[in-house]
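Thanks for coming, everyone. I'll walk through one structure today.

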Amino acid sequence: MEKEIIIFRGITKRFPPDILANDRVSFAVEKGTIHVVLGENGAGKTTLMNILYGIHQPDEGSILLRGREVRITSPRVAIELGIGMVHQHFRLIPNHRVWENVILGFPRAPRFFPAARAREMVRNLSQEYGLDVDPDAYVWQLSAGEQQRVEILKTLLRKAEILILDEPTSVLTPSDAEKLFSVLQKMKEEGRTCLFITHKFSEVREVGDRITILRKGRVVETVAKGEADFESLATMMVGEKVSLFLEKPLVTPGEPLLQVEDLWVLDDRGFPRVQGVSLTLREGEIVGVAGVVGNGQRELAEALAGLRTPLRGRVFLKGNDLTGSSPRNVREAGLGYVPEDRRMSLIGDLTVEENLILRDYQEPLFRRGTFLDWKRVREYAENVITAYRIVPPLPRLPVRLLSGGNRQRVALAQALVSRPQVLVVANPTVGLDILATGFIHRLLLSLQEEGVGILLISGDLDEILTLSDRILVLYRGTIVGERERPKSGWTEEDRREIGMMMGGVTEEHLVVGK
Amino acid sequence: MREPIVRIARRLEPSPEMVFLVSVGSVIFAFLVSGFLFSFLGIFPTEAYRVFLNGAFGSFYALSETIKRMIPLALIGAGLSVSFQASVWNIGAEGQMLIGAIVGAWVALFSHLPSPLLLPAMFILGFLGGAFWGVFAAWCRNKLAINEIITTLMLNYVAANLVLYLILGPWKGKTVRGFAYTDPFPKEAWLATLGATRIPLATLLLAIIAVFVCYLILTKTTLGFELRVVGRGEKAARLAGINIGRVVSFVMFLSGGLAGIAGVGEVSGIHHMLRHPAHISLGYGFTGVIVAWIARANPLGVLASSFLFGALMSGGDALKVSFGIPFQVIYILNGLVLLFLIASDQLLYYRIIFRHGHQDTREEDYGGVVD
């Protein structure tokens, strides 16, 4: 039997006009292993996998599958060759049931009255692999983790020997991720091969027998598990020495700045998505709100920012009641908000300088009477561009032409124009590369040193642990747990417990479980 | 390995020169295509082009006719540019213009104001009339959440029928026998024309002022900044604390008011009476939408695009008179120009890449993400 099941030989893929997504990519994947493809956003990981799955055709190079050169001209061909792919954004039909999704496009599905047979197939496979999911549930009712299981079931039903997972953990709770890893382990023991695409090098220690690092479309190296530590993996990903270490300033929290009491907030559908949240944020303190997306983070943040009127409860900023105030009043009272949805903070068609003054254009600094003082706006923007190292340094460039990291710098700078004492930031580093993430994190820490109180709402547990002095876990609209940062820093035990609470395990159950 | 022969790639930002050249090119293209239309009507295309160009620019008179038509287009186009920058789709300039004409006619015929006040009152009240017609649509949007495209469009018909009612009913002229229009305005309510032309001087100046004021508002003032923010990102505008309803009302007030001025200009500068809506307007309100659109909602660009469409109208008139063809043919020509300009707008953001070599293959597009 062949040891190397897939060999990429000199794969090159260009996207006109000038994107070189893959540049002579060559490496081999061994049968029965979990092979991690590690790289930053834009490194060409997804393109390479789309080529293997027949979505794209390479401009140059070839793929050897089980020792034979193959031309994978479409996903159908890929499936026939035993390749399955779980995309980062799931390809499921929300209004259909699980079993309907699983047999959709499946050639061997029974032609008439397929339900009973399909249910049975789904049930058998779920049991075999511990992929818990109800065949009769509608997909829209499922959590992201469950939807992913449906996607994996689809590939298993089609007898995939090679499974491609594109950023599979980005939507999972830590405990769902654990489950996924054990499923992968089982598949590996059966001799199946997994290609695991990720940009989080911390995941590499969980899975991965071998790791191929991609940077700017090229293979940097392929290493075996244990051959490289975090620092060197990060360095290979980024291309320069990066320090993953952030010095957390020693700040003694001061007076309470933000106090939230029993806050209830409705979502867009009129469902109370935040259900009785109370919290306190002090001067010079970073409080992390951990939780998986969709547990009320957005509604909580928008209620604090004045974009949503709470159903019940009170919000105080330095003792002033801000409940139900307008966004402008909230900002003038000293609360800055950096939403996760950058369309809410930035306007792509407007320039960098226009975006910077988007909220504070009425400040005397930026205007003379009814006229905007563009000269001073320009000066201000140039200072910000220098201070935040925004590239390219052009105040009149439309923001949509900036990279994600630079856009986020503009968004943060915009919220800081009014020098807020409290900053509410939601997922500030989603989609950013390591260097940009480091910059944002350092910026938040330096604000903390200046005494700004920061409420960090994030689905990324690593980010929460790196920055927070105190962590609250938000699950289904309520705070299910709280942890204070120990003097010596967060422990593995803290991480595990917070991860479990993010999945809905309450404090009491954690205690019972011990 | 396998690349199609012709491929289309997206480009980020077309340069201004490119925009200009492509726009001119598409106008020329529209004329070439309309050659078929003229042939079909039994007119030799080059002869039609000659008559058209002569009618639009060929003489002092032709040019003055072009400018005469450009004035209402520029007034309306400037206001609509501001409105479109705020993503408020006012397509009711036609109706707002007619309301301006009605108000102007009322002042001229029935207000009995002393003559020095007559013209200023006609313009101020005409502006307010058109503005009111616009603000009503804004109110419907702000308070009742009714889309302004629908209300402004429908209000056009209300305004047109109001004109018809007045000229057939209460305001029907005593001296005009069977015709459907009002008595002529007193001479004090006539606008002076420029030299020997039929260009009303006052509205020409007002149009130029309107263009520059709209440009200033958009680019230099906090209000203009607010409305550009609202137009490009309502979510961001909300977070910035901008009062969106106020912005919508303002742009409807301004664009409606300028259309109202255009209406006063037509009745007091050209017709000197209130008459059938199709005679007062010649579709200026609708053409104004195109004028603003082609100028990319830049008021300065409106100067050029309103001149172009003024020329299309006066050149079209010459065609109609010379060849006895129906005026509707001119609408087809206008439509072609618009079609090509809109199509070219899309093309600006793409470029065509020809493959070198001869492989005959195709590439299926799954819309994959570059990552």
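Predicted model: local features only at pLDDT ≥ 70, side-chain atom pairs only at ≥ 80, totals over all residues.

Is His112(B) buried or exposed? Exposed: 8 C-beta neighbours lie inside 10 Å, and the cut-off for exposed is 12 or fewer.

Chain A has a related case. Arg476(A) is not a glycine either, yet has a positive phi of about 45°. Look for Arg476(A) in the loop between strand S21 (470-475) and strand S22 (478-484) of chain A. It has 14 other C-beta atoms within 10 Å, so it counts as partly exposed.

The peptide bond from Val391(A) to Pro392(A) is cis, with omega near -5°. Pro392(A) belongs to the loop between helix H12 (374-387) and H13 of chain A. Then go to helix H16 (residues 492-502) of chain A, where the buried residues are Ile498(A), Met500(A), Met501(A) and Met502(A). Just past H16(A), Gly504(A) has a positive phi of about 105°.

Now the interior. In soluble globular proteins, nonpolar side chains tend to be buried together. Here the largest nonpolar core has 187 residues. Those touching the most other members include Val424(A), Leu456(A) and Val473(A) from chain A, and Ala74(B), Ile76(B) and Val251(B) from chain B. Which element gives this core its largest share? Helix H10 (residues 244-271) of chain B, with 13 residues. A second, separate core has 63 residues, among them Ala78(A), Met85(A), Leu153(A) and Ala177(A).

Zoom in on Val424(A). Beyond its neighbours within four places in sequence, Val424(A) contacts Ala301(A), Leu304(A), Ala305(A), Leu335(A), Tyr337(A) and Leu455(A).

In chain B, zoom in on Leu73(B), in helix H3 (residues 60-85). Leu73(B) counts as buried, because it has 28 C-beta neighbours inside 10 Å and the cut-off is 20 or more. Phe286(B) is 213 residues away along the chain, but the two C-alpha atoms are 9.3 Å apart. Leaving out residues up to four places away, the contacts of Leu73(B) include Tyr284(B), Val291(B), Ser306(B) and Phe309(B).

Last topic, helix pairs. Start in chain A with helix H13 (residues 404-416) and helix H14 (residues 434-449): their axes come within 9 Å and cross at roughly 15°. That angle is why H13(A) is roughly parallel to H14(A). The crossing is right-handed. Gly405(A), Gln408(A) and Leu412(A) of H13(A) meet Ala436(A), Ile440(A) and Leu443(A) of H14(A). By class, that contact has four nonpolar residues, two polar and no charged.

Now chain B. Helix H2 (residues 45-57) and helix H13 (residues 299-323) have axes that come within 7 Å, crossing at roughly 125°. So H2(B) and H13(B) are oblique to each other. This crossing, too, is right-handed. On the H2(B) side we find Ala48(B), Val51(B) and Phe52(B), among others; facing them in H13(B) are residues including Ala311(B), Ser314(B) and Asp317(B). The classes in this contact are nine nonpolar, five polar and one charged.

That's my tour. Over to you.

Methods:
Residues numbered from 1 in each chain as written. Chains lettered and ligands numbered in written order. Core = buried A, V, L, I, M, F, W, Y, C linked by C-beta atoms within 7 Å. Helix = DSSP H or I, 4+ residues; strand = E, 2+ residues; numbered from the N terminus. Contact = placed C-beta atoms within 7 Å. Axes fitted to C-alpha atoms, helices over the stretch in contact; angles between N-to-C directions. Parallel < 35°, antiparallel > 145°, perpendicular 65-115°, else oblique. Left-handed = near helix turned anticlockwise from the far one by under 90°. Nonpolar A, V, L, I, M, F, W, Y, C, P; charged D, E, K, R; others polar.
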